[in-house]
Amino acid sequence: MNVLLLYPDRRFQPEGAFPPQTEDLVADLGLDVLFEAMSQGDEFIHDVVKEVLLSGETDVRTIRYRQAVLQDCLAHPDVVRRMYDVPLQALKRKREQWLGIFGSYYPSSILSSGRHMLEVYFELLRELRQIADRYGTSFRSPGFRRFFAMLQQELDDAYLATVSRHLKMLRFRRGVWVSARLGRGNEGTGYVLRRPDASNGGWMHRILGKGSPIYTYTLPSRDDQGVRTLAQLRDRGLNRAANAVAQAAEHVESFLMALRAELAFYIGALNLAEMLDRLGMPVTFPVPAPLEEERWQARGLYNIVLALNGPSKVVPNDVSADGKRLVIITGANQGGKSTFLRSVGLAQLMMQSGMFVPAVEFSASVSRHVFTHFKREEDSTMKSGKLDEELARMSRIVDRLRPGAMVLFNESFAATNEHEGSEIARHIVSALVARGIRVFFVTHLYEFARGLWEEGREDTLFLRAERRPDGRRTFRIIPGAPLPTGFGPDLYREIFASSSS
Amino acid sequence: MFKSILFDTVSPSLRETPPDFFADLNLDQVVEGVATRVEDYDIRPFFYSPLRDVELIRYRQAIMRDLEDEAILKSVKEFSRGMRAVRRYTALSDKLMYEYHKMGWFLEAVWVYVETVRRLQETLSRLSPGSRGFADFKAYITEYATSPEFITLAEEARRIKDALNRVEYVLIIKSGKVSVKRYEGEPAYTPEIEEVFEKFRQGDVRDYRVDMRENGGMDHVEARILEFVARLFPEPFAALRAFYDRYHGNFFDAVLARFDEEVQFYVAYLEFIREIRRKGLPFSYPEIDVTGREEEVKDGFDVALAYRLLHSDTPVICNDVRLRGEERILVVTGPNQGGKTTFARMVGQLHYLAGLGVPVPARYARLFLPDRIFTHFEREEDVRNLRGKLQDDLIRIHDILVRATGESLIILNEIFASTTLEDATFLGKRIMEQLQALDALCVWVTFVDELARSGGKVVSMVSMVDPQRPEVRTFKIVRRAADGLAYALSIVRKHGLTYEQIVERIPS
């Protein structure tokens, strides 16, 4: 039995461990704010959405599959939240009733713990099936339809009755029957639990004198050693059965926990949708395209992290970069370049997770992993050490790059003079593009940007932070050639002017 | 007729304690490293007792070469494993109190003995060991394993074991009592349970089976159950009793027992050097000479050091030795920490190990077999007053010179280190004169360069440094006279980030 709400064909298996660049990616894009909004302080949801967002699904079919499931969730939030409550109940009862097989050293106690857990879990599975019976037909997505059908088929009444019968038999009211053979030294070995069977060679036969002999030994009173030995023999017999029951309990539990994990992602998305709705921010389900199509189109794309921090700062952008492998973004300081760059990364990750994106329209090819290489804040290390650090970081990214990846650069390689920095950037970027990697590069390295402009390649797009003729910045990103001067004087003027007035 | 895999006599004289120079040469570490591989046997005396009989050394070398054949080594190790089990089971059986239990373990001991002997005999019959030692042993075990007595023992054991193996019974366990009956086809219950919950199975989960080790014990309840079983199945138990009465205390062959013990000498040493070989360090069988003194060693190394560095990245450096004509005395000078002491130890180890008949740590070795080995190593700990120390040094050297013969090997390491250069030079020259006259083989590590220029039988060797980077020690000791002594793209290249490098690094 599989949940299959995140993948049409396989289970969600969180790896919990992320490649070394992930920490940079999370910090550079401000992803923690997004995780927080989705999880609302729930650590478990936090970990799941983080995993799903960062795992970068590249299969377009899977992305659409999740989009459909999420649309069902948005249409029936209460039913979905009720389903999510079932595994939470399992956890709660496990805690309250001390369920679990912790540190049990005896098969008989493992068996009884496992049996108790199964009793509780099957009660919850019954509840899940009732939800399927009652609401199943109003869900549209292939994911949910399969899930409900599976519950009805696998947990039908006959099966549930069989389970009840075995849970009862496992109490062994008629004694434990164990067969054995003689091992080395004539010590008993090969203990096998047998089903007591009265019909064949049982009591009736024996009473009628047809059965084989049977010898009985009754322990003298206060024979503690004897009691231990009998318990041990019983445990030898029960060992495999106890294992089977305990593993069954664990498997049923892991089914419930898989349900919890896979639904957690959608609960996170529901939380986010409700929050954005309150803020009045638009979202749309993006159109994911296969990697080879090299599509990238956005209308009204905004940075969701900024929006979650307060809508006043949000400036939407329209950019069309279909067929462009390299996007160079230049222009004024504080002009919205980094914000735009982050919104590119955020939208890409959200789209590939199967979620809606913060835009009016969005369509892009999937990427095989997103990497960020952002300038680090000034620190006390020497310039050469800083360049060394930047290059070492770049090299670690290259170790993991495969064609079809996306790299977002933010003022990289500026830790040396412009001439050297441009040469370094040129080497790196042209090699990445040649190897089929999509690059968005925010830079002040004029020599670098200008050189690319003069090459005039079809697959390169130049964007600029907009500056009005009067020198004021709009924080919008528009197409435009790199300009030779930075915009530092603007800021200088603005800050000094405002402080003198 | 085969007697021993190590000696040509039934009762060799063995040393129980290591020779005096063991610690100086770190041979104690080597022997520990070897002996701990076969803790159930005491093989240390074999390693404390070197040979000077060239025939016997060659006898061992040939046996060792046979054991380098994985198939032979494996069969011998299996044999020993089996024999250890036989001894263990026999001892266990003797201690037990319930009779069917006792007899059961005795049967097990005999059973393993029979299997073990047969397996070794069968394996050896398919292999062709080249050594006289193994050929004789093979003949011996073949005769033994095909003798009527052995065959009867084997057949009896099998017949009884088969009968006992067919016994199957059922315990019905309730609180405070247990019933025993024959097994009559009651179905196994566990698979049913597994099947019911099969649909939930996904991935691997914990194994909840408790390790219910069968620990070779039996208490009164189990003994009572066994009695019931014997009543339910009387024939096989009667046969077991007869077998025990007939064979108890007299089935184990003495020659095989001695072989099992002595062969550990080879097995343990091969295991020991196997790991070192895996690091790319060579071992070889030395050519042994007891008359001529010309020696040649290629890529020799300190085996104790190699063993200590097994799990480290530090490389072990190999060195050569050559003595021609009248050359007898290797005087080793050069910078400290340059590998001089290691070199001296290596020479000592090579000569000692050669006398055991085992492969030595070198790619090639032709060695003179000394009558005795003497060492004098500076001991850091006994720094009393300088005069007292110098006195001790001289007493010890005097003692060595008195006892050594022209066929001895003498290793002197940094003697007189705590005295003045003038004193050390003076004393050194005096001792040098005596060594020259004695004609013994000698390795002498010293800080007195002048001794290396003594001429005559002296060969000067120097520990080397890299001329470009003098701070780096190479640990090479060579024959030679003592001599008293553009930025942005380069950094990008260093990180593997030029255009060409990146294109190369990213797979397509």
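Two strands count as paired where DSSP finds at least two bridges between them. The legends below describe close-up views of a predicted model.

**The four-stranded sheet of chain A, with strands E4, E8, E5 and E6.** In this open sheet of chain A, 4 strands follow one another in the order E4-E8-E5-E6, and their pairing is mixed. Strand E4 (287-289) and E6 of chain A form the edges, each pairing on one side only. From one strand to the next, the twist averages 15°. Helix H12 (residues 337-353) of chain A packs on the sheet and touches E4, E5, E6 and E8 of chain A. The direction of this helix makes about 75° with that of E8(A).

E5(A) and strand E6 (residues 317-320) of chain A run antiparallel and are joined by 3 bridges. Across this pair, Ala298(A) stands opposite Val319(A) in E6(A). Strand E5 (residues 296-301) of chain A is also joined to strand E8 (residues 361-365) of chain A, by 4 bridges and in the antiparallel sense. Here Trp296(A) has Ala364(A) of E8(A) as its bridge partner. By contrast, E4(A) and E8(A) run parallel, with 3 bridges between them. In that pair, Val287(A) faces Ser363(A) in E8(A). In a regular strand, side chains alternate between the two faces of the sheet.

**The contact between chain A and chain B.** Chain A contributes 86 residues to the contact, and chain B contributes 71 residues. On the side of chain A that touches chain B, the elements supplying at least two residues each include helix H6 (107-135), helix H8 (157-169), strand E3 (214-218) and helix H13 (383-400) of chain A. H10(A) gives the most to this side, with 23 residues. The residues on this side of chain A comprise 41 nonpolar, 27 polar and 18 charged. E1(A) and strand E1 (residues 168-174) of chain B are joined by 6 bridges and run antiparallel. Within this pairing, Arg181(A) has Glu168(B) of E1(B) as its bridge partner.

**Phe122(A) in helix H6 of chain A.** Phe122(A) belongs to helix H6 of chain A. Leaving aside residues up to four places away in sequence, Phe122(A) touches Leu160(A) and Val163(A). The C-alpha atoms of Phe122(A) and Ser164(A) are separated by 9.0 Å, although these residues are 42 residues apart along the chain.

**Helix H3 of chain B and the elements that cover its buried residues.** The 14 residues of helix H3 (residues 54-67) of chain B should span 20 Å at 1.5 Å a residue, and the end C-alpha atoms are 20 Å apart, which agrees. Buried residues in H3(B) include Ile57(B), Tyr59(B), Arg60(B), Ile63(B) and Asp66(B). The cover over the buried residues of H3(B) includes helix H4 (70-95), helix H6 (132-145), helix H12 (264-278) and strand E3 (287-289) of chain B.

Most residues other than glycine have a negative phi. Phe172(A) counts as partly exposed because it has 19 C-beta neighbours inside 10 Å. Asp439(B) is located in the loop between helix H16 (421-438) and strand E10 (441-445) of chain B. With 16 C-beta neighbours inside 10 Å, Asp439(B) is likewise partly exposed.

**Chain A as a whole, for orientation among the close-up views.** Chain A contains 16 helices and 13 strands. Of its 501 residues, 42% are buried. Among contacts in chain A with a separation of 6 or more, 75% join residues 24 or more positions apart.

How values were computed: Residues numbered from 1 in each chain as written. Chains lettered and ligands numbered in written order. Predicted model: local features only at pLDDT ≥ 70, side-chain atom pairs only at ≥ 80, totals over all residues. Buried ≥ 20, exposed ≤ 12 C-beta atoms within 10 Å, placed from the backbone. Contact = placed C-beta atoms within 7 Å. Nonpolar A, V, L, I, M, F, W, Y, C, P; charged D, E, K, R; others polar. Expected span 1.5 Å × (residues − 1). Axes fitted to C-alpha atoms, helices over the stretch in contact; angles between N-to-C directions.
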